[in-house]
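Have the sequence and the 3D view ready.

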Amino acid sequence: MSNSKSTRRSLIASGLSLAVSCALLLGSTFAWFTDSVTSGNNRIVAGNLDINLQYTTDGTTWADVETDTNLFKEGALWEPGYMEVAYLKVENLGSLALKYQLNMNATDTVISTSVTGEELRLSDYLEFAVVDLTAADGAITPYDRAGAEAALESATSYALNAGYSVENIMYPATAADAEYPAEKYIALIVYMPETVGNEANHASDAAAPEISLGINLIATQTPYETDGFGDAQYDAAAWEEVSTAEGLEQAISEGKTASLTEDITVNVIPQSPSGETNIVLNGNTLTSTSTGSLVVEGGETLNISGGELVVADTMPDPSKSAIQAVAGSTVTLTNVDYSTKGTGIFAQGQDATVEVVNSTITAPIFAIGTNAGSADNHNVNIRIINSYLEASYGDGCTSATVLMNVPGSLYIENSTIVGERNAVVVRGGTATIKDSVLSRPYTIEGDSEDAYMGSDWASGNGMPFATLLLGNRASNAYQYPTVCTVENTRITADADGAKTVYLYGNATEELGVTFNYDSATVIQPADPEVKPVIYGGGYVTVNGRVQQ
């Protein structure tokens, strides 16, 4: 391309996300511990699963990857032909054989408009490759430009917006061999192809597109360990590879962890009679065609990891939950791209827990929701970490992507939440939002930005428009306090008249709104006529000051 400057973009380098998910493979002969005990003169040590990820900039000095580790240059100008390389080492530090997935994901934190008037996502124009490296005494030789280009020629490239997942087996150091080493060295090459043209050039009156990159490492045990009779696969019964719906149902019914080797379609996702359901997707797609709710109840747990999940791809009522965690039960998604035509995950009742880690959820109205219809629905726990949640575009005025409208706990970290009416609603309970992006990028169609500004709020999504909506305006419902703390987070609203943060408290201090945000937080409506934080009324305290 002759005019490379016209396609330059800034890539916002995010902290590299590290998540180690040690799924417990529950069976009749199986238990895991990470401690040790002594018996007389014989020391008995329990097996443990322990994986580590390190990086280097010089090829010899290695450091652990933390959640705030930056592997890419901040403020770099990405143009056709620009590339960066990150060098990583994966280590099995435990005593058990493991199977790990290293995944690349991207979140468009700012979606722009191109010079041709089309939606512009930077992730659409970047590619990457993962290259195995040879190490000598723990040292590698970093690439120069020519070396990186040569490596790309022999490697498989992937579109950044398509994601990536590879699976590797690592034996513990005491049993490692050439095929299954205890450590592995790789180069991650991210680049903008030279063929990219003005389709990636943003309009002069639009914000520059920005992106957040994440790398996720997820490990689960794989059969290897020997028992006293020398059987090298004694724990294989706890893990089974499946390629059909019948095989999945059989493995789960026997209390095993099911590991998919093919895409599988079922009516209803099976649950284990042991109370612990573990499904490893291995980059495959699990589809459930049921239009009813998959209910996890009775203190049971559903863990799904490492691939694509489609639940209720048709749903008569888009507000109906596709997956539901009931009191005492847990639903966990780790490294999952999950889409549904219903509410993504519904949390209901004391200690009902929803955990979404290194994942995406796309749903029509609510990605994660609660319901205040009964006090039995209260006291839920919701955690969203290193993830992207979006309510798919409908009319610009319908969805509330994360709805917390009961007492309980909501925790969001290093995630992007995109919504139409609201990105996040906290109508009750305690919420913490850190290192994240909350966005309303759409123009409203068929409704007014001032809806519910002069009247009591209704139920569901019958509330004002705001990227972050806190509190309550109703005299006979939702009578509980709201506390929200925001740290190092960007809250935006991109349409004319759109509000970013709107607060309305119940009439008394103990039932009002407490909102605290730090100096690193940016609250930025696109319309300069709109205040960043709007106090509607009621009892509201912001950063320690009562608002009048």
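Predicted model: local features only at pLDDT ≥ 70, side-chain atom pairs only at ≥ 80, totals over all residues.

Arg121 forms a salt bridge with Glu119, and their closest N and O atoms are 3.0 Å apart. Glu119, at 48% relative accessibility, is partly exposed.

Take Lys256 and Glu240, whose side chains meet in a salt bridge at 2.7 Å, N to O. This pair links distant parts of the chain, 16 residues apart: Lys256 sits in the loop between helix H2 (245-253) and strand E17 (257-260), and Glu240 in strand E16. Lys256 is buried at 16% relative accessibility, while Glu240 is partly exposed at 25%. Glu254 joins Glu240 and Lys256 in a network of salt bridges.

Next comes the salt bridge between Lys499 and Asp450, at 3.5 Å, N to O. Here the partners are 49 residues apart, with Lys499 in the loop between strands E39 and E40 and Asp450 in the loop between strands E36 and E37. Lys499 counts as buried because its relative accessibility of 5% is under 20%. Asp450, in contrast, is exposed at 52%.

Finally, turn to Ser329, in the loop between strand E23 (321-326) and strand E24 (330-340). Is Ser329 buried or exposed? At 0% relative accessibility, Ser329 is buried. A polar atom of its side chain lies 3.4 Å from the backbone oxygen of Val296, and a polar atom of the Ser329 side chain also lies 3.4 Å from the backbone nitrogen of Gly298. Beyond its sequence neighbors, Ser329 touches residues including Glu297, Gly299, Asp351 and Thr353.

Conventions:
Residues numbered from 1 in each chain as written. Heavy atoms only, no water. Helix = DSSP H or I, 4+ residues; strand = E, 2+ residues; numbered from the N terminus. Buried < 20%, exposed > 50% of the residue type's maximum accessible area, 1.4 Å probe, protein only. Polar contact = N/O pair within 3.5 Å; in protein donor to acceptor, adjacent residues only side chain to side chain. Contact = heavy atoms within 4.5 Å. Salt bridge = Lys/Arg side-chain N within 4 Å of Asp/Glu carboxyl O. Lists of a residue's contacts leave out its neighbours within four places in sequence.
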